[in-house]
Amino acid sequence: MHLRWSRDTWEADLKGKRPDIAAEYTAALKDYLAKREEAALTRAYEIGREALGESVGVLEIATVHHQALRRLLPKQATASEAGQLLAAAENFFVESLSPFEMSHRGAREANTALRSINETMEEQAKRIAHSLHDEAGQLLASVHIELDRWARETPDLDPERLSKIKQMLDETGEQLRRLSHELCPPILGDRGLRAALEFLAEGVSERSGIEVTVKWAVEGRLPLMVETALYRVVQQGLNNVIKHGRATWATAELQMKGSLLRCSVRDDGVGFDVATVLSKNGKRGLGLVGMGERVRSLGGTFKVLSAPGKGTELLITIPLEK
Ligand SMILES: Nc1ncnc2c1ncn2[C@@H]1O[C@H](COP(=O)(O)OP(=O)(O)O)[C@@H](O)[C@H]1O
Ligand SMILES: [Mg+2]
């Protein structure tokens, strides 16, 4: 759970469930200022780790530090005494923050790893799309040839049925081509996200009968990594609409608010209880969870808004550098 920080909640927390961290911090800092021993610094580090474990934020630790310092600095200290105490307190503060720094670095490394996994997945999607396109195409062509040969050798064949079968084969080929292009749209690289989403929306509409629209209010192209991630997220979102939503319409919308890109995928379907579903599929790492991870690896946010009978909305924001 993310903790929204404000002075009010912090003070409520101080009185409520976590008075210990502020008190412990103050006591350990007092100890360190008095004796400057390594053990007290280790304590600072441990307090930082506990705080991190309990989702206490960096801002809260900064407030605790500030309040502790206000209480501990003697009013009558000379400028040089105060200077020394402040320098020592700074050591202590930095030590208590180092678990946050490590976790931040860890998250950055995990994001880098995630991005490279995503690149690998894109490569695989490309390979599957190509085989789907080429190999299925060749197989269908040989079925056509065999069918023609058989027709020539079989004089009393019903020509109408033959042409119906050939038409079905053509449609199958057309569908496979479309699916392969949706799986890895060359149009995304060539003409960008807007064109790719419109192509996707058209295919989804045709296959499912759900009216899918794209609302686009963004100027120009976006970075390729962002376009690819958003294409995947919208694609999975629409797959969910088809698979679970029982919706009559769905909309993918993109707009810029300053340097923040906002994307939403909405439908008017059956909806679901988000908390229940997310707690169950947290371990699977696919679908909604995977979409969230992908967006967060770009520094963005991912929210799922839904309730039974209320439709579903995925809300994505991604900060773009201007
Ligand atoms: N648009 C939607 N409409 C209704 N239910 C949805 C929608 N999107 C997701 N869900 C629900 O959330 C669950 C998890 O979705 P997801 O993580 O994509 O996994 P999967 O699609 O493999 O079940 C679905 O099984 C479904 O119950
Ligand atoms: Mg899904």
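Reply: What follows goes through the fold of this predicted model and then the surroundings of its ligand.

Me: OK, how many helices and strands are there in the protein chain?
Reply: The protein chain has 11 helices and 5 strands.

Me: And is the chain compact or spread out?
Reply: The protein chain is more spread out than a compact globule, because its radius of gyration is 29 Å, well over the 20 Å that the globule rule gives for 322 residues. Taken along the principal axes, the C-alpha atoms fill a box of roughly 110 × 40 × 40 Å, and 23% of the 322 residues count as buried.

Me: Which domains does the assignment give?
Reply: The domain assignment gives domain 1, covering 7–111, and domain 2, covering 191–322, and the centres of domain 1 and domain 2, taken over C-alpha atoms, are separated by 41 Å.

Me: Switching to the ligand, which residues are closest to ligand 1?
Reply: Asn240, His244, Gly245, Gly287 and Leu288 are the closest of the 16 residues that surround ligand 1.

Me: Which helix gives the largest share of that shell?
Reply: That is helix 9, which contributes 5 residues to the shell around ligand 1. Helix 9 (224–245), helix 10 (274–281) and helix 11 (287–296) each supply at least two residues of this shell.

Me: What about its make-up, how many are nonpolar, polar and charged?
Reply: The shell around ligand 1 is made up of 6 nonpolar, 8 polar and 2 charged residues.

Conventions:
Residues are numbered from 1 along each chain as its sequence is written. Chains are lettered from A and ligands numbered from 1 in the order in which they are written. This is a predicted model: local features need pLDDT of at least 70, side-chain atom pairs count only at pLDDT 80 or more; totals for chains, interfaces and linings use all residues. Domain bounds come from an automatic or database domain assignment. A residue is near a molecule or strand if its C-beta atom, placed from the backbone, lies within 6 Å of it. Helices (H or I, at least four residues) and strands (E, at least two) are DSSP runs, numbered from the N terminus. Ala, Val, Leu, Ile, Met, Phe, Trp, Tyr, Cys and Pro count as nonpolar, Asp, Glu, Lys and Arg as charged, and the others, Gly among them, as polar. The radius of gyration is taken over C-alpha atoms; the globule rule is 2.2 Å times the number of residues to the power 0.38. A residue is buried if 20 or more other C-beta atoms lie within 10 Å of its own, exposed if 12 or fewer, and partly exposed in between; C-beta atoms are placed from the backbone.
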